Amino acid sequence: MRTHRLAQPDMSVAPRCVEDDDSRGPGRNDQVGIAVKTRAKPKKPSQFKVLMLNDDYTPMEFVVMVLKRFFHMDLEQATRVMLHVHQRGVGVCGIFPYEIAETKVNQVMDFARQNQHPLQCTLDKA
């Protein structure tokens, strides 16, 4: 039967410790931290209401179609907004960032003109 001996470490070379390492130079900082750069939170874009104005000539059905087509309302919601515009003179179609609100106003006005209706749409800061 053979016995195996474990290899003994060579003690002629002293082990090095990280603390013995002077390569970091004098005045080194032993504290470890994470550098954090603070950033300002991005501001949300200003919001604008798209308003539809009442007139005595544009048919109610056309207004409902515009609300469904350009503001993605269902029939019930579009009818409710159309009646609000009809009774109060003005109504909110939606609230959007400026560029989107401006685009929707232009789309509605162009579509109304193409269909020979005097429907007016505007935007106002929300």
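Phe96 sits in strand E2. The model is a predicted one. Is Phe96 buried or exposed? Its relative accessibility is 18%, and buried means under 20%. Phe96 therefore counts as buried.

What does Phe96 touch? Leaving aside residues up to four places away in sequence, its contacts are Ser46, Gln47, Phe48, Val50, Phe71, Ala101 and Lys104. Now look at Lys49. Lys49 and Phe96 are 47 residues apart along the chain. Their C-alpha atoms are separated by 6.5 Å.

Step back to the whole chain. The protein chain has three helices and three strands. Read from the N terminus, the order of the elements is β-α-α-β-α-β. The chain has 126 residues, and 25% of them count as buried. Take the contacts between residues at least 6 apart in sequence. Of these, 70% join residues at least 24 apart.

Start the helices with H1. H1 has twelve residues, which should span 16 Å at 1.5 Å a residue. The end C-alpha atoms of H1 are 16 Å apart, so the two values agree. Which residues of H1 are buried? They are Phe62, Val63, Val64, Val66, Leu67, Phe70 and Phe71. These buried residues pack against E1, H2, E2 and H3.

His72 follows H1. His72 belongs to the loop between H1 and H2. Its phi is positive, near 55 degrees, though His72 is a residue other than glycine. Most residues other than glycine have a negative phi. Is His72 buried or exposed? With a relative accessibility of 65%, His72 counts as exposed, because exposed means over 50%.

Next comes H2. H2 has 14 residues. From first C-alpha to last, H2 reaches 20 Å, close to the 20 Å expected at 1.5 Å a residue. The buried residues of H2 are Ala78, Val81, Met82 and Val85. Why do they line one face of the helix? Seen down the axis of H2, they fall within an arc of 100 degrees, so they share that face. An α-helix has 3.6 residues a turn, so residues three or four places apart point the same way.

What covers the buried residues of H2? The cover includes E1, H1 and E2. Now turn to the face of H2 directed away from its buried side. That face carries the exposed residues Glu76, Gln87 and Arg88. After H2 comes Gly89, with a positive phi near 95 degrees.

How do H1 and H2 meet? Two packed helices are described by the angle between their axes and the distance between the axes. H1 and H2 pack at an angle of about 125 degrees, and their axes are 9 Å apart. That angle makes H1 oblique to H2. The crossing of the two helices is right-handed. On the H1 side, the contact is made by Met60, Val63, Val64, Leu67 and Lys68. On the H2 side, Leu75, Ala78, Thr79, Val81, Met82 and His86 take part. Several names return here. Val63, Val64 and Leu67 are among the buried residues of H1. Ala78, Val81 and Met82 are among those of H2.

The last helix is H3, made of residues 98-114. H3 has 17 residues and reaches 24 Å from its first C-alpha to its last. That is close to the 24 Å expected at 1.5 Å a residue. Which residues of H3 are buried? They are Ala101, Lys104, Val105, Val108, Met109, Phe111 and Ala112. They cover an arc of only 165 degrees around the axis, which puts them on the same side of H3. This buried set packs against strand E1, helix H1, strand E2 and strand E3. The face of H3 turned away from the buried side carries the exposed residues Glu99, Arg113 and Gln114.

Just after H3 comes Gln116. Gln116 lies in the loop between H3 and E3. Gln116 is not a glycine, yet its phi is positive, about 55 degrees. Is Gln116 buried or exposed? Its relative accessibility is 72%, so Gln116 counts as exposed.

Terms used
Residues numbered from 1 in each chain as written. Predicted model: local features only at pLDDT ≥ 70, side-chain atom pairs only at ≥ 80, totals over all residues. Heavy atoms only, no water. Helix = DSSP H or I, 4+ residues; strand = E, 2+ residues; numbered from the N terminus. Expected span 1.5 Å × (residues − 1). Buried < 20%, exposed > 50% of the residue type's maximum accessible area, 1.4 Å probe, protein only. Arc of directions from axis to C-beta. Contact = heavy atoms within 4.5 Å. Axes fitted to C-alpha atoms, helices over the stretch in contact; angles between N-to-C directions. Parallel < 35°, antiparallel > 145°, perpendicular 65-115°, else oblique. Left-handed = near helix turned anticlockwise from the far one by under 90°.
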